Protein chains: 2
Amino acid sequence: MRVPSKLPRESALDPADWEEFRLLAHQTLDLCIDHLRGSRERPVWQPVPEEVAAGFRALPEQGSDLAEVLADFEQKILPYSTGNTHPRFFGWVHGTGTAVGMLAEMCSAGMNSNCGGRDHGAVYVERGVIEWCRTIFGFPESASGVLTSSTSVATVIALAAARLWAAPDSRQAGMSSAPRLVGYASAETHSAVVKAMELLGLGSEGLRRIPVNPTFAMDLAALRRAIAEDRSTGSVPFCVVATAGTVNTGAFDEIDAIADICAEEKLWLHVDGAFGAWAALADAPWQKLTAGLHRADSLAFDFHKWMYVPYDCGCVLVRDEALHRAAFASRPDYLAPTALGLAGGDPWYCDYGIDLSRGFRALKVWFTLREFGIARLGAKISENCRQARRMAELVQQSDDLELLAPAPLNICCFRYAPAEIPEHQLNRLNEAIMVALQDVGMAVLSTTKIGSRLGLRAAIVNHRTRFEDIDQTIEAVQRTGRLLCASGISAN
Amino acid sequence: MRVPSKLPRESALDPADWEEFRLLAHQTLDLCIDHLRGSRERPVWQPVPEEVAAGFRALPEQGSDLAEVLADFEQKILPYSTGNTHPRFFGWVHGTGTAVGMLAEMCSAGMNSNCGGRDHGAVYVERGVIEWCRTIFGFPESASGVLTSSTSVATVIALAAARLWAAPDSRQAGMSSAPRLVGYASAETHSAVVKAMELLGLGSEGLRRIPVNPTFAMDLAALRRAIAEDRSTGSVPFCVVATAGTVNTGAFDEIDAIADICAEEKLWLHVDGAFGAWAALADAPWQKLTAGLHRADSLAFDFHKWMYVPYDCGCVLVRDEALHRAAFASRPDYLAPTALGLAGGDPWYCDYGIDLSRGFRALKVWFTLREFGIARLGAKISENCRQARRMAELVQQSDDLELLAPAPLNICCFRYAPAEIPEHQLNRLNEAIMVALQDVGMAVLSTTKIGSRLGLRAAIVNHRTRFEDIDQTIEAVQRTGRLLCASGISAN
């Protein structure tokens, strides 16, 4: 489509008047600072009014004054955030961001660096960040890594490296003539692992879901049996995915013991540490859960969850750099490296993953770790774990609440279950409680199922949460539950 | 690892003194504004000094004053940007960003929305942006789309949908028992298409590289022959990838004719429109190249190249929404939707791609299109095409320069080739010219090979470029070439 422009040729898309732009930009910065500063004072979440939601559809043929665009942002977008900057946002595993992270994103966009490769400052910052990760997680200096949009993509990259290790000609020949590779993960494994297997052409059926024990960790005897059975029937085991912090309950697989099995069986060990890997920085009760993590062949994790970095930023580490590179490197003529100049430098991060053009995600990680240091970040992580433990204690002390799973890390799953309400009404009742707490803007919990029982689930990766927020949330659940029962809503 | 923290418990990672933070944040904003405003005054690129590069490795155990972190950013990172905000940056296809886009990224990080799904403002902005894309590219209202980190990821998503269409049980069963699917793309196709085939387990050998005609467009007779041959030998053709703007020369495949072939042969038509798709907004000579694009089953493109949006932001559109969703949707219990509350809303964007956690990329697209309007953006795109044409004309008018390919869009490939320099020295000479222009910070061109001839390549997706920048760059190439020849460097 083509629409005539009213504007002169050769005017850059830079502000016509930089000082006018500067004024508006500073106003917008204040707006964003006040938004973050006021996180506690707002409702956690509020629905988007229909007329606002409908207002985003018309294609803008002509431009608008920046002041108008910014006013629309202030009135129609900013008030309807996901809510995860609020101290009582505990839904899913949504990170909370920081003001420092916001500054970093502004700086990153100002530089507009493309971190696909080449020789410029942003690439050295990313190398530093990867080096920090290697140090934190005990990976050797020879290991490689790359920042990604998420653990989901990091998992795809890790399993692609594992696939290449198991089927060396798979990049060329595809999987249709390859052996039937099978991987292993617990029944509590995140859906991202299943999606990665599907994407790679290995199929969800290529991932054996191993039962868990009562603490929701993988049953290792069952794992051994499954491997043996697959070998006996002609499938080719290639990989075990251990979970460091399951999404449902925060459970850890026994990584060290799984590493032993992988060594014996000659299998690739991938660890899904989306948020849980960061327990490596926490106090001993939680840190010890990560024992053996340094033995993984690959590790996927996020910065935008428990490192409090703004969305989005994940990372993958791969022990065997050459294999990592071999799984993705592809440099046609137009990307040929040179010894000198901007096209120099090695590695190019596009050789370690899917993206060729890559934003400067490393800067927000660099700002965050430089500003706070890993000691303070580790202390916040420990605090979040103590908050989950506090929540579990409150649940256990209350007659009308029921703890549905241990809370070994930062996740607490429980339900409102007073004795007088029959079991078959509890799932609906607890879902109604979740919605009601969101509706009044008091707290965001999400739900999950533990067996057949729907539970309220708090995943605490929130640096703004205080212990009083935990107490208030539990009280609100009980109060809301009583109100809903009194008005008969649970029976609807 | 664990390091004791000196800091008190329960202090959020918010500034201890918000007004001190505000002051530093405003100074940083001014720094970034001045950086963008001064793009033309700086060298395009300068190497990172060794002592600076080495300074990013030490893991920060304790935090630092924000002022110190920001000073390090100003002195050690900002001066060494990729250079693509400069008016004479023509390397690869690096987008140039805008000040408005920088503001948007700040706002996005301030909100810290997770756009994986659910019911909140950011999701409605993304729906608006996808609606705009459908309108611009003539896709039906029933088509789906999702923003991605890049065209590379968008291509993986599109071909995953195509794979599911051709092999309906492939998500479960993987590719090892599936028919041998083969796709078709021209010899000039971007490496991202090959990488997508590899990632999906289809293999690079599953992508037939069809020869191109003298204008670098796919030879359609050869395409027909290849399809017929594959059918006769038991392979299963499933997809043709047409390129809208090749990375080497900006050539377009004949999309309309390829759509006819796909309709006849019952094949999926994917269009790689990374930058070239935006010619749809340009004046007639370039817009007409996109004829037939609206017939594609899927289309991948970037906002961070020719829509001038800061890194990173790509997009995929898929004609068949149900198929798109079926290729990626996966909602375990902890992601179950609800009718009401934050967990409501449909679609959830995680059902359309790899990422579950997703940043608010849509905001920078929304700011950009609202601020400038598609008319002005289209005019800039036309202008970039005119600049490439101007460059090609200057090359053709010069005895010592040689045009290596037509310049139908925004890319000009040429070389310095004075009659007295023997052919075998020209590749090295032109690479030396590229490096020298970067080294003095005058202009960034990249190189590619057209046949065996290494060419200087200007890809103009730069809203700051003026016609005089084109003239100066050509003069600088000639001057540098003469100097290098005079000092005998080409013979090294």
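Predicted model: local features only at pLDDT ≥ 70, side-chain atom pairs only at ≥ 80, totals over all residues.
**Chain A overall, and helix α10 of chain B**

In chain A, 74% of the contacts with a separation of 6 or more are between residues 24 or more positions apart, a contact meaning that two C-beta atoms, placed from the backbone, lie within 7 Å. Residues are numbered from 1 along each chain as its sequence is written, and chains are lettered from A and ligands numbered from 1 in the order in which they are written.

Of the 492 residues in chain A, 64% are buried, that is, 20 or more other C-beta atoms lie within 10 Å of their own, whereas exposed residues have 12 or fewer and partly exposed ones fall in between, with C-beta atoms placed from the backbone. The C-alpha atoms of chain A fill a box of roughly 75 × 60 × 45 Å along the principal axes.

Let me turn to chain B, where helix α10 spans residues 255-265 and has I255(B), I258(B), A259(B) and C262(B) buried. Viewed down the axis of α10(B), these buried residues fall within an arc of 105°, so they line one face of the helix, the arc being that of the directions from the helix axis to the C-beta atoms. They pack against α9 (220-232), β4 (236-243) and β5 (268-272) of chain B, whereas the face turned away from the buried side of α10(B) carries the exposed residues A263(B) and E264(B). After α10(B) comes K266(B), with a positive phi near 55°; helices here are DSSP runs of H or I with at least four residues, strands are runs of E with at least two, and both are numbered from the N terminus.
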